[in-house]
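Subject: Structure for you to look at

Hello,

Here is the structure I said I would pass on. Please open it and keep it in view while you read the notes.

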Amino acid sequence: MKKINIIIADDHLMFLEGLNTILTEMDEVENVHIATEGKQVLRLVEQFDIDLVISDINMPKMDGISLLTELKKKYPETAIIMLSMLDNHRTIYKVIQKKANGFVPKFTNKEELQKAVRTVIEGEQYFSETIKKRYMESVFERDKFKNVELSKREKEVLYHLSEELTSKEISEKLFISVNTVETHRKNILLKTGAKTTTGAVKYAIESGLFDEY
């Protein structure tokens, strides 16, 4: 049986130590390398023959989703399982769309993590039941909004509103008048059916509108 080399990435050392213990118990595992941020993972992949990366999403310098994107582009043969406390619709949708090999929440038990590793190294995907449920919810939410179309400028205005910029600040950033910003804001509310800017921002997140930013 060919043994595999793994990198585990998280910015919490205590959590890494727990992962390391769980993985080294597995007969299939040869070596476990430890990283505390995404760029360190890329350096390790360049240096060693790595079969699998297990990475948290929320990390400094390079987050897990950016790391996933880079790994799939530069090292498509290296599998990657995402681990995170974040299980919101948008995050899960992005991870699956970027073709992660697996995704389990950080609160999973030892048995499920080991099952995920074995499933992925055999060439299959593994997503926990919690993740699959959230993903289906995200697809449902996006379907609700698929017939709502905002112009490019309206999307830009809504994105800046989500960053809590004032109409004046948005006008300066986009080189348009304050009145034009207000017109776009009213059109956004009308098209999305939202009563407030907060409601429109929620629409944008649930529909995946901000995925391009």
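Predicted model: local features only at pLDDT ≥ 70, side-chain atom pairs only at ≥ 80, totals over all residues.

Residues are numbered from 1 along each chain as its sequence is written, and side-chain values use heavy atoms, with hydrogens and water left out.

The whole chain

The protein chain has 10 helices and 6 strands. These are DSSP runs numbered from the N terminus (helices: H or I, at least four residues; strands: E, at least two). Of the 213 residues in the chain, 48% are buried. Buried means under 20% relative accessible area, exposed means over 50%, and partly exposed is in between (1.4 Å probe, protein chains only). Contact means heavy atoms within 4.5 Å. Among contacts with a separation of 6 or more, 63% are between residues 24 or more positions apart.

The cores

In soluble globular proteins, nonpolar side chains tend to be buried together. A nonpolar core is a set of buried Ala, Val, Leu, Ile, Met, Phe, Trp, Tyr and Cys residues joined through side-chain atoms within 4.5 Å. The largest one here has 27 residues, and those with the most contacts inside it are Ile7, Val41, Val53, Met82, Val95 and Phe103. Two or more residues of this core come from each of β1 (4–9), α2 (38–47), α3 (64–74), β4 (79–84), α4 (89–97) and α6 (129–145). There is also a second, separate core of 21 residues, which includes Ile8, Leu16, Leu52 and Leu83. Back in the largest core, Val41 is one of the residues with the most contacts. Apart from neighbours within four places in sequence, Val41 is in contact with Ile7, Ala9, Ala35, Val53 and Leu67.

Two packed helices

Two packed helices are described by the angle between their axes and the distance between the axes. Helix α1 (residues 13–24) packs against helix α5 (residues 110–121) at an angle of about 65°, with the axes 10 Å apart. Axes are lines fitted to C-alpha atoms, for helices over the stretch in contact, and angles run from 0 to 180 degrees between N-to-C directions. The crossing of α1 and α5 is right-handed; a crossing is right-handed if the near helix is turned clockwise from the far one by less than a right angle, and left-handed if anticlockwise. From α1, Leu19, Ile22 and Leu23 meet Lys110, Leu113, Gln114 and Val117 of α5.

Helix α9

How far apart are the end C-alpha atoms of helix α9 (residues 178–192)? They are 21 Å apart, which agrees with the 21 Å that its 15 residues should span at 1.5 Å a residue. The expected span is 1.5 Å times one less than the number of residues. The buried residues of α9 are Val181, His184, Ile188, Leu189 and Thr192. They cover an arc of only 135° around the axis, so they are on the same side of α9. The arc is that of the directions from the helix axis to the C-beta atoms. On the other side of α9, Asn179, Lys186 and Leu190 are exposed.

His184 has a relative accessible area of 15%, which is why it counts as buried. Not counting residues up to four places away in sequence, His184 touches Arg153, Glu154, Val157 and Ile176. Val178, also in α9, is partly exposed at 37% relative accessibility. Its C-alpha atom is 5.6 Å from that of Lys168, 10 residues apart along the chain. Just after α9, Gly193 takes a positive phi of about 75°.

Positive phi elsewhere

Most residues other than glycine have a negative phi. Lys99 is not a glycine but has a positive phi of about 70°. Lys99 lies in the loop between α4 and β5 (102–105) and is exposed, at 58% relative accessible area. Glu164 is not a glycine either, and has a positive phi of about 65°. Glu164 is in the loop between α7 (152–162) and α8 (167–174) and is exposed, with a relative accessible area of 71%.

Helix α4

Arg90 is in α4 and is partly exposed at 23% relative accessibility.

Regards
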